[in-house]
Amino acid sequence: MFENKDNSTTSIASLGEFGLIDHLTKNFKIKQKSTVKGIGDDAAVIACNSKNEIVVTTDLLLEGVHFDLSYVPLKHLGYKSVIVNLSDVYAMNAEPTQITVSIAVSNRFPIEALEELYAGITAAAKIYNVDVVGGDTTSSTTGLLISVTALGTVKKGEAVYRSGAKENDLLVVSGDLGAAYLGLQVLEREKEVFKVNPNSQPDLEPYTYLVERQLKPEARKDIPNLLKELGVKPTAMIDISDGLSSEIIHICKHSKVGCNLFEDKIPLDPQVITTCEEFNLDSTTIALSGGEDYELLFTISTEDYPKIKANPHLTVIGHMTHENEGTHLISRAGTKIPLIARGWNPMKDSE
């Protein structure tokens, strides 16, 4: 009954993750009055009562695609699986309250291994003050799969979407960028060394910050509170999971604006700079395309600039322009380069 008579096919890789989402969800129509925001942001928003709204987001982590257990400790993996969801909640200007955790696991994992995984989940839930309220478990023939759904609350009208940026708004980012990707490169390098010489012991001391950013990221729960204290409400916001360039393009697409991003303003940790030199990598490219930083990227009105300009946690890295101007990186030499989303794509073809 559901057979497709058309023999022509389209590669998933040709669409990419977000193109695939747009393609598969284009026919979904909102029917419920309680659905304030559906597909297309860091989280969905659902009306709760006259004062509050609920935000909901979910992420799927698959062994061999999102993580490698040869160097990712299970406790760290459990922690990270929670963090990546809570980051989406904070990106909506909301406060996370509950999570559900579902896993599919093969029989190669003993109970003790799963206890380690859940110890990480428990630690994250405690630190971020969220309740684990449910989930599901099932068997897997291909390894470990983790799915976490996070719920949060936000006052009615206070949610921040990707679609609110205006021309001349300032583009601001929390923290620094690129460290998580470089941490992954260090771990991958040491894995290859271990394959050749199993007796070798990796020296990760010079890369402690990078490895921590990869294995144990933190969601920026402090930023929404900081902005409230400063009297600043972002006009648009998104978390940086797929790379700075991808997230800027998301904001521009949804807000129908352009952007000028200034290369010399991108915040980089000194360890990122030295490790890029060691690996012969361009630090700007890593910041733009690396991903997994879980910092918050947002826009603010120019009138709010005096409120944030002296804050060490925030950096103004660009400004929004008219949609027709497009999205560009302004290099240190003053060259205007079109900004392209080259962040991590889980839908790419296997080599």
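The second largest pocket of this predicted model has a volume of about 230 Å³.

Now for the helices. Two packed helices are described by the angle between their axes and the distance between the axes. Here are two such pairs side by side.

| Helix pair | Axes come within | Crossing angle | Handedness |
|---|---|---|---|
| Helix 2 (residues 74-90) and helix 3 (residues 111-127) | 7 Å | roughly 40° | right-handed |
| Helix 4 (residues 179-196) and helix 8 (residues 270-279) | 10 Å | roughly 45° | left-handed |

Let us begin with helix 4 and helix 8, whose axes cross at roughly 45°. Helix 4 is therefore oblique to helix 8. Which residues make this contact? Helix 4 contributes A179, L182, Q185, V186 and R189, while V272, T275, C276, E278 and F279 come from helix 8. Counted by class, the residues of this contact are 6 nonpolar, 2 polar and 2 charged.

Helix 2 and helix 3 make the other pair, with axes that come within 7 Å of each other. Their crossing is right-handed, and the two helices are therefore oblique to each other. On the helix 2 side, L74, K75, L77, G78, Y79, S81, V82 and I83 take part. They meet A113, E116, L117, A119, G120, I121, A123, A124 and I127 in helix 3. This contact has 12 nonpolar, 3 polar and 2 charged residues.

Where is T97 found? It sits in strand 4, which covers residues 95-105. Leaving aside residues up to four places away in sequence, T97 touches N129, V130 and D131, as well as L151, G152 and T153. How far apart are T97 and T208 in space? From C-alpha to C-alpha, T97 and T208 are 31 Å apart, and 111 residues separate them in sequence.

Terms used
Residues are numbered from 1 along each chain as its sequence is written. This is a predicted model: local features need pLDDT of at least 70, side-chain atom pairs count only at pLDDT 80 or more; totals for chains, interfaces and linings use all residues. Side-chain values use heavy atoms; hydrogens and water are left out. Axes are lines fitted to C-alpha atoms, for helices over the stretch in contact, and angles run from 0 to 180 degrees between N-to-C directions. Helices (H or I, at least four residues) and strands (E, at least two) are DSSP runs, numbered from the N terminus. Angles under 35 degrees count as roughly parallel, over 145 as roughly antiparallel, 65 to 115 as roughly perpendicular and the rest as oblique. A crossing is left-handed if the near helix is turned anticlockwise from the far one by less than a right angle, and right-handed if clockwise. Contact means heavy atoms within 4.5 Å. Ala, Val, Leu, Ile, Met, Phe, Trp, Tyr, Cys and Pro count as nonpolar, Asp, Glu, Lys and Arg as charged, and the others, Gly among them, as polar. On a 1 Å grid over the protein atoms alone, a cavity is a set of points where a 1.4 Å probe fits but cannot get out, and a pocket is an open set with protein on both sides within 12 Å along at least five of seven lines; lining residues have an atom within 4 Å of a point. Grid points are joined across faces, edges and corners, and a volume is the space filled by probe spheres set on the points.
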